[in-house]
Every structure is written in C-alpha cells, then in structure tokens.
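Q: Hi, I'm new to this one. Could you walk me through it?

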Amino acid sequence: MAAELHVELVAADRQVWSGEATLVVARTSSGDIGVMPGHQPLLGVLESGPVTIRTGEGGTVVAAVHGGFISFADNKLSLLAEIAELSDEIDVQRAERALERAKAEADDSAERRADVRLRAVAVR
Amino acid sequence: MGAQLRVYKRRIRSVSATKKITRAMEMIAASRIVKAQRKVAASTPYATELTRAVTAVATGSNARHPLTTEVERPTRAAVLLLTSDRGLAGGYNSNAIKSAEQLTQRLRGEGKEVATYIVGRKGVAYYQFRERPIARSWTGFTDNPEYADAKQIADPLIEAIQQETAEGGVDELHIVFTEFVSMLTQTPVDRRLLPLSLDAVSSSAVADASEGAGTEGPAQRGGVRPLYEFEPSAEGVLDALLPRYVESRVYNALLQSAASKHAATRRAMKSATDNAGELIETLSRLANAARQAEITQEISEIVGGSSALADATAGSDK
C-alpha cells in the first residue's frame, strides 16, 4: 500500500493545489470523511467548508471549498470545486467585512461564502 | 497647392490615422489571445476531472437521470449559439451564425422544434433583425467570460431540459461555438451536450476532454474500471454532477469562443493595416504625380508667358 496519495485541488478557473498527502479530510453531504492512501474508490458531493490536507512532510494545507465533489481512485484524489481558496490566500479582514455586509444585506449565499472562508482560516 | 494635390494629401492623412487605429487594435487582440488561451488552459484540469467523474458514475452505476436518458421521440431541442458582442472580427460571427442555421435546419428536418438561446450582441442583432424568436439571450461578457457567466447561462438551460416538453421544456441541448484550433484556424462546431448517453459518455466525453488535456489514463479508457462508493448515493452524485458538467462545458465553450474572437480580430485588423499601407502607397504615388503635373504646368505657363512677352517686345522694336 502506498504511503501517500496524490491530491489535485482544482477550481473551475484554475488549479489551486496539487501534491502528495497522507490524509485528506473533507465534509460531504452525509458527514465528514477522511481519505487515506488505499481508500476504496469514492465519489462524493462536498458541502461548503474547510478541507484539510495533511502533506507527507507533516505540514497541513487548509482550503475553503464552496461546494463541489471529491473523487478518489487509483490512489489519486481529486477535489473539484467551483470556487476554492487556500487558507493562506484568504484575507481575514476582508472576509469579516464581507460577512458583516452579507448579514446586513441578508444575502444568504454571500454570508455562507464568507463564513466558510473564516472557518477555513480558524482551522489553520 | 492645387486642388487635386490637396485632396490626395487629405486622404493620405485620414488613411494613416485609420492605419494607426487598426494597428493598435491588432496589438490589443494579439495580447488578448494569449490571455484567453491561458484561461482555457487554466480551466482544463477542472473540465478533465469533472469528465472523469461523470464517466465514473456513468459506467460505475445503473443510475438513471433525466439529463442522461434519451427521450424516445424528441420533439424540442435547444440550440445555444455563442457569438461576440463586437464585430471587427472578419467572418467570425457570420460563420458561427451560419453553423447554427445549418444545425437548426437539420433539427427541423428531423421533426424537432428549435428554441434558440444566444450569447453575444451580434447574434442577437442577427435574429432580431430577421424577427426570429429568441428563447433567451445574454450579452456583455463575451470578451472575458467568467465562470459565473457560464453558470448564468447553464441554469435556465438545465431548467428547460428538466421540464416536461409539453410545458415548454426541451429534450436536447446543442451548443454552437467557435473552436480555437490554432492562431490561424478557428472553426465553428456544434456539439450535443445533453442528453448524455450513458454508454457513449465514456468514449465521447473522454475524447472531448482529452482534446484539451490528453491525460486520460489507460485505466479509464478500457479494461477494469474501479467500483466506486458513492456518497450519498449514485443518484445524488449524478444530480449534483450533471449541472456542473454542463456549466463546465459551457464555460469551456465561452473561453474558446473568446480566444477565437480575439484571433479573428487580430487577423482582420492585420489585413486592414496591410490594406491601409497599400492604399497610402498608391495615394502617395498619385499625389507625387499630381504635384509634378502642377509644377510642369506652372513651368509651361511661365515659359509661355515669357515667350509671349518676348514676342511682344520683339514686335514693338520693329
């Protein structure tokens, strides 16, 4: 069994992250799921939320995904999301401002997006 | 300065001004092609992965879905035509429109009613001028399409296909766009997006995706396919997956169309610049000839005048 699996995190308009990992934790529509090397082939629907990727060197990559899919086969894991951002890329103050504004305007989807971003930063 | 010469000089000035403009537009288009191509390349990983996932569900389960089942007697089809907002692109728009017309004819020949969806002001203007019905149209983003634009287009299309045909829904979805083959070649193509036939999806969709990427592994093409575990269920995954698939295909078509539009603009502007150069050359020759004729005339007038004067003085001497 391979000790690492290959991860591709792709958004609709770019490749966000790709590399080797030992564990990937994501939230599907029926609960959190952790994928380790050698997992059964899997295809699931992702909920908006943070995805945690533990890399081989002991580092952790956290990304905020806004809906999408997780697919795993042949020791290759793909995370497909319409919008995906690494937590390092997220501007906390801007996300907080966006959250406040979304709350003020009662814009549900914008509020959810901002919330997901902040949660991803909190995990980091 | 003679009247003729002045006219030529004015025309040369105006043509050089035009040449400057077309040259600038050519440069702008050239830089935009690169940007558009980069966007096409950036969207490829997502499209490839998505196609792989669709293939996985299509082959790994027996799930049935309205978006994948062929209607026995299709009666209504939707055609999505991608044109640009601005002209100055040679035959780009008219070629795309012509291709859509041919497809429409063919579908009508098969006894299907056609609902036309249009992207881009040029296509809308063409249909409006001929007073043909447009089911829906979108304008304003064809030069630099974003994923949100593709979503905006795909949503009503998916809605239409999920509706019963009797209630104004459609059975098939075709898309006409201009494929970016190379800097010099852009060809209008039509593709059937929906329904995906579950058997054909593995071959056709993979072929489509590998056009851009060519990374489909041999394990996906034939032989044993992995048995997938679906979360929450095969139907649930398919429900969520297919709209995204359509969106991603529309997005890809939008990006390719944009790249093609810029390439066509660049070519059209290049030939306009070349033509302006030629015109300036011809006009300069004519202007030179006019100036020379003027000088010759002036000289002959002076010579004629002085000889007349000489004749007159010679006569008075006698």
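Q: Which residue is the bridge partner of A:Leu42 in β6(B)?
A: That's B:Glu229. A quick note first: the model is predicted, so local features need pLDDT of at least 70 and side-chain atom pairs count only at pLDDT 80 or more, while totals for chains, interfaces and linings use all residues. Residues are numbered from 1 along each chain as its sequence is written, with chains lettered from A and ligands numbered from 1 in the order in which they are written.

Q: OK, and how many bridges join β4 of chain A to β6(B)?
A: Three, and the two strands run parallel. Strands pair if DSSP finds at least two bridges between them; strands themselves are DSSP runs (E, at least two residues), helices are runs of H or I of at least four, and both are numbered from the N terminus.

Q: How many residues of chain B are in contact with chain A?
A: 25 residues of chain B are in contact with 24 of chain A, where contact means C-beta atoms, placed from the backbone, within 7 Å. On the chain B side, α1(B) gives the most, with 10 residues.

Q: How does that side divide into nonpolar, polar and charged?
A: It has 18 nonpolar, three polar and four charged residues. Here Ala, Val, Leu, Ile, Met, Phe, Trp, Tyr, Cys and Pro count as nonpolar, Asp, Glu, Lys and Arg as charged, and the others, Gly among them, as polar.

Q: Switching topic: what is the secondary structure of chain B?
A: Chain B has seven helices and six strands. Along the sequence the pattern reads α-β-α-β-α-β-α-β-β-α-α-β-α.

Q: How much of chain B is buried?
A: 37% of its 318 residues. Buried means 20 or more other C-beta atoms within 10 Å of a residue's own, exposed means 12 or fewer, and partly exposed is in between, with C-beta atoms placed from the backbone.

Q: Which residues of α4(B) are buried?
A: B:Tyr147, B:Ala150, B:Ile153, B:Ala154, B:Leu157, B:Ala160 and B:Ile161.

Q: Which residues touch the most other members of the largest nonpolar core?
A: Of its 98 residues, they are A:Ala63, B:Ala78, B:Val79, B:Leu81, B:Leu157 and B:Val176. Helix α7 of chain B (residues 234–317) gives the most to this core, with 17 residues. A nonpolar core is a set of buried Ala, Val, Leu, Ile, Met, Phe, Trp, Tyr and Cys residues joined through C-beta atoms within 7 Å.

Q: And what is B:Val176 in contact with?
A: Leaving aside neighbours within four places in sequence, its contacts include B:Val79, B:Leu81, B:Ala96, B:Pro188 and B:Asp190.

Key:
Two residues are in contact if their C-beta atoms, placed from the backbone, lie within 7 Å.
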